Amino acid sequence: MGAILMRFNLYVKLMEECGEVVQACSKVLKRGRDGVEEVNLSEEVGDVLGVIRLLQSKDALDPVVVGEKLKQTYEKYEDLEL
Ligand SMILES: [Mg+2]
């Protein structure tokens, strides 16, 4: 796969956007959840959800597996605090 194709590949975008979520979470932990940091985290999560929607629209994800894991993960972490 060429360098130009890699830049526009949805898997690459998912990796990039997940990395931006990691950075945004780090800033929230360092600086608090108020103001710009919370907005930035919300924006980055939106970016990840957008890429996931695109992957779903192209049948790149198994909807049953995604649904099962979503439920399991929600139940596993629902008692955690912010
Ligand atoms: Mg982003």
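**Helical architecture and residue exposure in a predicted model**

With 8 C-beta neighbours inside 10 Å, Asp59 counts as exposed, where a residue is termed exposed if 12 or fewer other C-beta atoms lie within 10 Å of its own, buried if there are 20 or more, and partly exposed in between, the C-beta atoms being placed from the backbone. The structure is a predicted model, in which local features need pLDDT of at least 70 and side-chain atom pairs count only at pLDDT 80 or more, while totals for chains, interfaces and linings use all residues. Residues are numbered from 1 along each chain as its sequence is written.

Asp59 lies in the loop between helix 3 and helix 4, helices being DSSP runs of H or I with at least four residues and strands runs of E with at least two, numbered from the N terminus. Although Asp59 is not a glycine, its phi is positive, at about 55°, and this residue comes just after helix 3. Most residues other than glycine have a negative phi.

The protein chain contains four helices and zero strands, and its pattern along the sequence reads α-α-α-α. Confidence is expressed as pLDDT, the predictor's value for each residue on a scale from 0 to 100; the mean for the protein chain is 92, with 93% of its residues reaching 70 or more. Among the elements of the chain, the lowest mean pLDDT, 65, belongs to helix 1 (residues 3-7), and the highest, 98, to helix 4 (residues 63-77).

Helix 2 (residues 10-31) has 22 residues and reaches 31 Å from its first C-alpha to its last, close to the 32 Å expected, the expected span being 1.5 Å times one less than the number of residues. Helix 3 (residues 36-57) likewise has 22 residues and a reach of 31 Å, close to the expected 32 Å. The axes of helix 2 and helix 3 come within 9 Å and cross at roughly 160°, where axes are lines fitted to C-alpha atoms over the stretch in contact and angles run from 0 to 180 degrees between N-to-C directions. The two helices, helix 2 and helix 3, are therefore roughly antiparallel to each other, a term applied to angles over 145 degrees. Helix 2 passes helix 3 in a left-handed crossing, that is, with the near helix turned anticlockwise from the far one by less than a right angle.

For the protein chain as a whole, the radius of gyration is 15 Å, whereas a compact globule of 82 residues would have a value near 12 Å; the radius is taken over C-alpha atoms, and the globule rule is 2.2 Å times the number of residues to the power 0.38. Along the principal axes, the C-alpha atoms fill a box of roughly 40 × 30 × 15 Å, and buried residues make up 1% of the 82 residues.

Individual positions complete this description. In the loop between helix 1 and helix 2, Asn9 is found, and this residue is exposed, with 12 other C-beta atoms within 10 Å; the C-alpha atoms of Asn9 and Leu70, 61 residues apart along the chain, are separated by 24 Å. Val12, which lies in helix 2, counts as partly exposed, with 14 C-beta neighbours inside 10 Å, and its C-alpha atom is separated by 21 Å from that of Pro63, 51 residues apart along the chain. Glu78, in the segment after helix 4, counts as exposed with 7 C-beta neighbours inside 10 Å.

Methods. Parallel < 35°, antiparallel > 145°, perpendicular 65-115°, else oblique.
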